[in-house]
Amino acid sequence: MEFWFSQICGIIVSIAAITSMQLKNIKHIMVCQLVCNGVGALSYILVGGLSGCGIYLVAVAQAVVYYFFRSKEKKAPLWIALVFICLYPLCSATTYKNPVDLISAMAALTCAFSLVQEKPSLYRIFMLLNGIIWMIYDINVGAYTMIISHIATA
């Protein structure tokens, strides 16, 4: 049952990811990222992908922080980006079980760099890399419908 619920979550993530790639407003993109990352975390935890879940939860926090800065039309300080860039590897290290977890760590860094971008075009470049790396992780943990969202992202 958990496997199937994870796959349904992957479909929801796919819809949000495809939508985010069509948007021009960075604030709207951030809202889609909140949906993608929140539901994606649930999808990964249901199939035992603890490292993927942890990284997606950090991504939720990062999206919330950057959304608030963007909604106030302020630039986030550099130290905030550095905090998240450090949190992703820390999360990966604390959830490490096998070499597959290193794949999610690489994907996490591309996510960190994508969410700090102010221009949608730069965001999309980092998300291309992010999608490709996450597809490799998805195959390894059995989160098959998450691949759809990552194909759309790439």
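Q: Which residues does Leu-115 touch, not counting residues up to four places away in sequence?
A: In this predicted model, contact means heavy atoms within 4.5 Å. With residues up to four places away in sequence left out, the list for Leu-115 includes Tyr-66 and Tyr-88.

Q: Which residues have the most contacts inside the largest nonpolar core?
A: The largest nonpolar core has 37 residues. Helix 1 (2-22), helix 2 (26-46), helix 3, helix 4, helix 5 (100-115) and helix 6 (120-141) each supply at least two residues of this core. Inside the core, the residues with the most contacts are Tyr-44, Tyr-66, Tyr-88, Leu-115 and Trp-134.

Q: Are helix 3 and helix 4 roughly parallel or antiparallel to each other?
A: Helix 3 covers residues 50-71 and helix 4 covers residues 78-95. Their axes come within 8 Å and cross at roughly 165°. Angles over 145 degrees count as roughly antiparallel. Helix 3 and helix 4 are therefore roughly antiparallel.

Q: How many nonpolar residues are in the contact of helix 3 with helix 4?
A: On the helix 3 side the contact residues include Leu-50, Val-58, Tyr-66 and Phe-69, and on the helix 4 side they include Ile-80, Phe-84, Tyr-88 and Thr-95. The contact of helix 3 with helix 4 has five polar and no charged residues. The number of nonpolar residues in this contact is 14.

Q: Is the crossing of helix 5 and helix 6 left-handed or right-handed?
A: The axes of helix 5 and helix 6 come within 8 Å and cross at roughly 160°. Helix 5 and helix 6 are therefore roughly antiparallel to each other. The crossing of helix 5 and helix 6 is left-handed.

Q: How many charged residues does the contact of helix 5 with helix 6 have?
A: Among the residues that meet here are Val-100, Asp-101, Met-106 and Leu-115 in helix 5, and Tyr-123, Phe-126, Trp-134 and Tyr-137 in helix 6. By class, the contact of helix 5 with helix 6 has 16 nonpolar and five polar residues. The count of charged residues in it is one.

Q: How many charged residues are in the contact of helix 2 with helix 3?
A: Helix 2 and helix 3 pack at about 160°, with their axes 8 Å apart. That angle makes helix 2 roughly antiparallel to helix 3, and the crossing is left-handed. The contact of helix 2 with helix 3 has 18 nonpolar and six polar residues, and its charged residues number two.

Q: Which residues is Gly-49 in contact with, leaving aside its neighbours within four places in sequence?
A: Gly-49 lies in the loop between helix 2 and helix 3. With a relative accessible area of 2%, Gly-49 is buried. Gly-49 and Ser-104 are 55 residues apart in sequence, and their C-alpha atoms are 9.5 Å apart in space. Leaving aside neighbours within four places, the contacts of Gly-49 are Tyr-44 and Tyr-137.

Q: Is Gly-10 buried or exposed?
A: Gly-10 lies in helix 1. Leaving aside neighbours within four places in sequence, Gly-10 is in contact with Ser-43, Thr-145 and Met-146. Buried means under 20% relative accessible area. Gly-10 has 0% relative accessibility, so Gly-10 counts as buried.

Q: Which residues does Ser-14 touch, not counting residues up to four places away in sequence?
A: Ser-14 lies in helix 1. Its relative accessible area is 3%, so Ser-14 is buried. Not counting residues up to four places away, Ser-14 touches Thr-145, Ile-148 and Ser-149.

Q: What separates the C-alpha atoms of Met-135 and Ala-154?
A: Met-135 is in helix 6 and, at 18% relative accessibility, counts as buried. Leaving aside neighbours within four places in sequence, Met-135 is in contact with Ile-147, His-150, Ile-151 and Ala-154. Met-135 and Ala-154 are 19 residues apart along the chain, and the separation of their C-alpha atoms is 9.3 Å.

Q: Is Glu-73 buried or exposed?
A: Glu-73 is found in the loop between helix 3 and helix 4. Glu-73 is not a glycine, yet has a positive phi of about 55°. Exposed means over 50% relative accessible area. At 70% relative accessibility, Glu-73 therefore counts as exposed.

Methods:
Residues are numbered from 1 along each chain as its sequence is written. This is a predicted model: local features need pLDDT of at least 70, side-chain atom pairs count only at pLDDT 80 or more; totals for chains, interfaces and linings use all residues. Side-chain values use heavy atoms; hydrogens and water are left out. Axes are lines fitted to C-alpha atoms, for helices over the stretch in contact, and angles run from 0 to 180 degrees between N-to-C directions. Helices (H or I, at least four residues) and strands (E, at least two) are DSSP runs, numbered from the N terminus. Angles under 35 degrees count as roughly parallel, over 145 as roughly antiparallel, 65 to 115 as roughly perpendicular and the rest as oblique. Ala, Val, Leu, Ile, Met, Phe, Trp, Tyr, Cys and Pro count as nonpolar, Asp, Glu, Lys and Arg as charged, and the others, Gly among them, as polar. A nonpolar core is a set of buried Ala, Val, Leu, Ile, Met, Phe, Trp, Tyr and Cys residues joined through side-chain atoms within 4.5 Å. Buried means under 20% relative accessible area, exposed over 50%, partly exposed in between (1.4 Å probe, protein chains only). A crossing is left-handed if the near helix is turned anticlockwise from the far one by less than a right angle, and right-handed if clockwise.
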